[in-house]
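Here is a short briefing on a predicted model.

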Amino acid sequence: MSAGIYVHVPFCLTRCGYCDFNAYAGLDHLAPSYVDALVAEAELHAADLTAETIDTIYLGGGTPTTLPVASIARLLGRLRSAFDVASEAEVTIEANPDTVDEATFAGLLDAGVDVAVAVVPEGEPPSLPKPRV
């Protein structure tokens with residue numbers, strides 16, 4: 001059987017009026033502890049999915065790309081080692097265009113993210129960096 005993992009990252013640059021998700025602006029100082037907790041949570045639940053192959057990992061929020069790329073890479077590495085993640089698993093991350101640039105995309109690719117979903121906040125949409133092919 002296959003399964004997917006959803007990881008909620010509740011941090012945002014701003015709190016958009018239309019958003020009903022559990023998300024917070026101005027609490028970025030909690031992000032390192034939050035990532036530590038996510039890594040520990042993966043350990044706690046690894047035994048629950050021993051019969052499952054993970055074919056999708058989705059990092060949503062909030063805005064997961066408010067986290068440093070190193071934290072995202074650490075979290076994805078832990079998920080891959082704790083669970084049976086298929087080598088061809090799709091790894092998706094939601095991104096606010098204001099939190100990514102070419103270096104961020106390169107780091108996310110190196111960490112194993114293969115899909116970035118642009119979530120544009122209220123107001124004028126910013127310009128997006130050109131993707132690497």
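Phe 11 is buried, because its relative accessibility of 3% falls under the 20% cut-off. Its aromatic partner is Tyr 34. Tyr 34 is partly exposed, at 24% relative accessibility.

**Aromatic pairs**

- Searching the whole structure turns up two aromatic pairs.
- Tyr 6 and Tyr 58 form a stacked pair, because their planes meet at 20°, under the 30 degrees cut-off. Their ring centres are 6.0 Å apart.
- This pair ties together parts 52 residues apart in sequence, because Tyr 6 sits in strand 1 (residues 2-9) and Tyr 58 in strand 4 (residues 53-61).
- Tyr 6 is partly exposed, with a relative accessible area of 48%. Tyr 58 is partly exposed too, with 25%.
- Phe 11 and Tyr 34 make an edge-to-face pair. The angle between their planes is 85°, and the distance is 5.5 Å centre to centre.
- Phe 11 belongs to strand 2 (residues 11-12), and Tyr 34 to helix 1 (residues 31-45). They are 23 residues apart, so the pair links distant parts of the chain.

**The second largest pocket**

- The volume of the second largest pocket is about 290 Å³.
- Its lining is made up of 19 residues. Nearest the centre lie Cys 12, Cys 16, Tyr 18, Thr 63 and Val 119.
- By type, the lining of this pocket has 11 nonpolar, five polar and three charged residues.

Note on methods: Residues numbered from 1 in each chain as written. Predicted model: local features only at pLDDT ≥ 70, side-chain atom pairs only at ≥ 80, totals over all residues. Heavy atoms only, no water. 1 Å grid on protein atoms, 1.4 Å probe; cavity = no way out; pocket = protein on both sides within 12 Å on 5 of 7 lines; lining within 4 Å. Points joined across faces, edges and corners; volume = space filled by probe spheres on them. Nonpolar A, V, L, I, M, F, W, Y, C, P; charged D, E, K, R; others polar. Phe/Tyr/Trp six-rings, centres within 6.5 Å; stacked < 30°, edge-to-face > 60°. Helix = DSSP H or I, 4+ residues; strand = E, 2+ residues; numbered from the N terminus. Buried < 20%, exposed > 50% of the residue type's maximum accessible area, 1.4 Å probe, protein only.
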